[in-house]
Amino acid sequence: MPTQARCDRVPPADGAWGALDLRVLQEDDLPLDPREWCRAQVGAWVSRRGGLPERFPMNGKALCLMSRDMFAARVPRLGHALHQDFRRRLAKALALQELIEKLSSK
């Protein structure tokens, strides 16, 4: 018989959640929202994935303007994977922002 799954965060008895620690959602030491990345953070992200940081002399907002093909032109071997990872991180940040806005409006 399978054991019952446990949840680390269950609603408190009074039904009120405390402050959410967003650090648990971070994948690394970079800010959750890639739009907030400075040039150094973009460079760190690129180099951790095997790319050359000097090919991306920009901040996170500038990365938002780049297409998949633009990533591939800068890093032919890794461009598509970099683009996919960036878009995944951006979607996660946008979803979290939307959730926070919904929760704060109640």
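This is a predicted model: local features need pLDDT of at least 70, side-chain atom pairs count only at pLDDT 80 or more; totals for chains, interfaces and linings use all residues.
Reader: Let's start with M58. Is M58 buried or exposed?
Author: Happy to start there. M58 sits in the loop between α1 (39–48) and α2 (60–64). Its relative accessibility is 11%, and buried means under 20%. So M58 counts as buried.

Reader: Which residues is M58 in contact with, leaving aside its neighbours within four places in sequence?
Author: Contact here means heavy atoms within 4.5 Å. With the neighbours within four places in sequence set aside, the partners of M58 are C38, R39, V42, L63, M66 and R74.

Reader: How many Å apart in space are M58 and G43, C-alpha to C-alpha?
Author: In sequence, M58 and G43 are 15 residues apart. In space, their C-alpha to C-alpha distance is 8.4 Å.

Reader: Where on helix α1 do its buried residues fall?
Author: The buried residues of α1 are V42, G43, W45 and V46. Seen down the axis of α1, they fall within an arc of 165 degrees, so what they line is one face of the helix.

Reader: Which elements do the buried residues of α1 pack against?
Author: Those buried residues are V42, G43, W45 and V46. They pack against α2, α3 (68–74) and α4 (79–104).

Reader: Which residue just after α1 takes a positive phi?
Author: Good one to look for in the backbone. The phi in question is about 90 degrees, and the residue that takes it, just after α1, is G50.

Reader: Now for charges. Which parts does the salt bridge of R49 with D85 tie together?
Author: The closest N and O atoms of R49 and D85 are 3.0 Å apart. The two residues are 36 residues apart in sequence, so their pair ties together the loop between α1 and α2, where R49 lies, and helix α4, where D85 lies.

Reader: What is the distance between the closest N and O atoms of R88 and D85?
Author: R88 and D85 both lie in helix α4, three residues apart, about one turn of the helix. R88 counts as partly exposed, at 39% relative accessibility. The closest N and O atoms in the R88 salt bridge with D85 are 2.5 Å apart.

Reader: Which residues do salt bridges that share partners join into one network?
Author: D85 also forms a salt bridge with R89, where the closest N and O atoms are 3.1 Å apart. D85 and R89 are four residues apart in helix α4, about one helical turn, and R89 counts as buried at 4% relative accessibility. Through shared partners, salt bridges join into one network R49, D85, R88 and R89.

Reader: Which elements give two or more residues to the largest nonpolar core?
Author: This core has 15 residues, and those touching the most other members are W37, W45, F56, L63, F71 and F86. One of them, L63, touches W37, V42, W45, F56, M58, F71, F86 and R87, not counting residues up to four places away in sequence. The elements that give two or more residues to the core are α1 and α4.

Terms used:
Residues are numbered from 1 along each chain as its sequence is written. Side-chain values use heavy atoms; hydrogens and water are left out. Buried means under 20% relative accessible area, exposed over 50%, partly exposed in between (1.4 Å probe, protein chains only). The arc is that of the directions from the helix axis to the C-beta atoms. A salt bridge is a side-chain nitrogen of Lys or Arg within 4 Å of a carboxyl oxygen of Asp or Glu. A nonpolar core is a set of buried Ala, Val, Leu, Ile, Met, Phe, Trp, Tyr and Cys residues joined through side-chain atoms within 4.5 Å.
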